[in-house]
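Biologist: I'd like to learn how to read a model like this one, feature by feature. Could you walk me through it?

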Amino acid sequence: MTDWNPVFLGIIAVATLVMALIQVGAIVFAARLGAQVQQLATTVQEDIRPLIARANAIAEEASRTATIATAQAQKIDRLVTDLTRRIDDTSLVVQEAIVTPAREGLAIVAALKAGLGALRGFRDLRGRPARVEDEDALFIG
């Protein structure tokens, strides 16, 4: 009978050698792939770094612009508030300087009219007949 042990032992050795070669190949492939991934990550970082710096610069500029806009809005608010206050003050001065004396002047004119009307009425009582026009205005009917 033939001894099959050495044959099977040879087959096992060849299979182990093939498996070892496949594992070494997989390790070499994984190492190359890892190196490529590392190189890609480095390239992406180098490409993204200026973009991030630019985005930061844009954000800082936007922040400064917002600060300036806020300051300008506050200045406009103060300007409008001051303008409104000055308009109110001016209208009060105009009212005191023009409207109040005008009312007093109208009151004086009304008093003069009333005085003249009273004098006419006094003359009418001395003997002149009252005008018919005045009586027509009082007629209801």
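Modeller: Rings of Phe, Tyr and Trp, the last by its six-membered ring, pair if their centres lie within 6.5 Å. Planes under 30 degrees apart count as stacked, over 60 as edge-to-face and the rest as tilted. Keep in mind that this is a predicted model.

Biologist: How many aromatic pairs does a search of the whole structure find?

Modeller: One aromatic pair turns up in the whole structure. The partners are Trp4 and Phe8, with 6.1 Å from centre to centre and 35 degrees between the planes, and the pair is tilted. As for cover, Phe8 is partly exposed, at 47% relative accessibility.

Biologist: What does the secondary structure of the protein come to?

Modeller: Two helices and zero strands. Helix α1 spans residues 5-125, and we'll keep coming back to it.

Biologist: And what share of the residues counts as buried?

Modeller: Buried means under 20% relative accessible area. In this protein of 141 residues, 0% count as buried. The accessible surface is about 12,900 Å², and carbon and sulfur atoms hold 68% of it.

Biologist: Which residues make the nonpolar surface patch of about 460 Å²?

Modeller: Leu40, Val44, Ile48, Leu51 and Ile52 make that patch. Take Ile52 as an example: this residue is found in helix α1. Its relative accessibility is 47%, so Ile52 counts as partly exposed.

Biologist: Let's move on to charges. How many salt bridges does a search of the whole structure find?

Modeller: First, the general idea: side chains of opposite charge can pair when their charged atoms come close. Here the search of the whole structure gives three salt bridges. In one of them, the side chains of Arg64 and Glu61 meet, at 2.6 Å from N to O.

Biologist: Where do Arg64 and Glu61 sit in helix α1 relative to each other?

Modeller: They are three residues apart in helix α1, so about one helical turn separates Arg64 and Glu61. Arg64 is partly exposed at 46% relative accessibility, and Glu61 is partly exposed too, at 41%.

Biologist: Which residue forms a salt bridge with Asp82?

Modeller: That's Arg85, and the closest N and O atoms of the two are 4.0 Å apart. Both lie in helix α1, three residues from each other, about one turn of the helix. Asp82 has a relative accessible area of 35%, so it counts as partly exposed. Arg85 is also partly exposed, at 43% relative accessibility.

Biologist: And how far apart are the closest N and O atoms of Asp89 and Arg85?

Modeller: In that salt bridge, they are 3.6 Å apart. Asp89 and Arg85 lie four residues apart in helix α1, which is again about one turn. With 38% relative accessibility, Asp89 counts as partly exposed. Now put these bridges together: through shared partners, Asp82, Arg85 and Asp89 are joined into one network.

Methods. Residues numbered from 1 in each chain as written. Predicted model: local features only at pLDDT ≥ 70, side-chain atom pairs only at ≥ 80, totals over all residues. Heavy atoms only, no water. Buried < 20%, exposed > 50% of the residue type's maximum accessible area, 1.4 Å probe, protein only. Areas by Shrake-Rupley, 256 points an atom, 1.4 Å probe, with all protein chains shown as cover. Patch = residues over 30% accessible without salt bridge, like charges linked within 9 Å, V, L, I, M, F, W, Y side chains within 5 Å.
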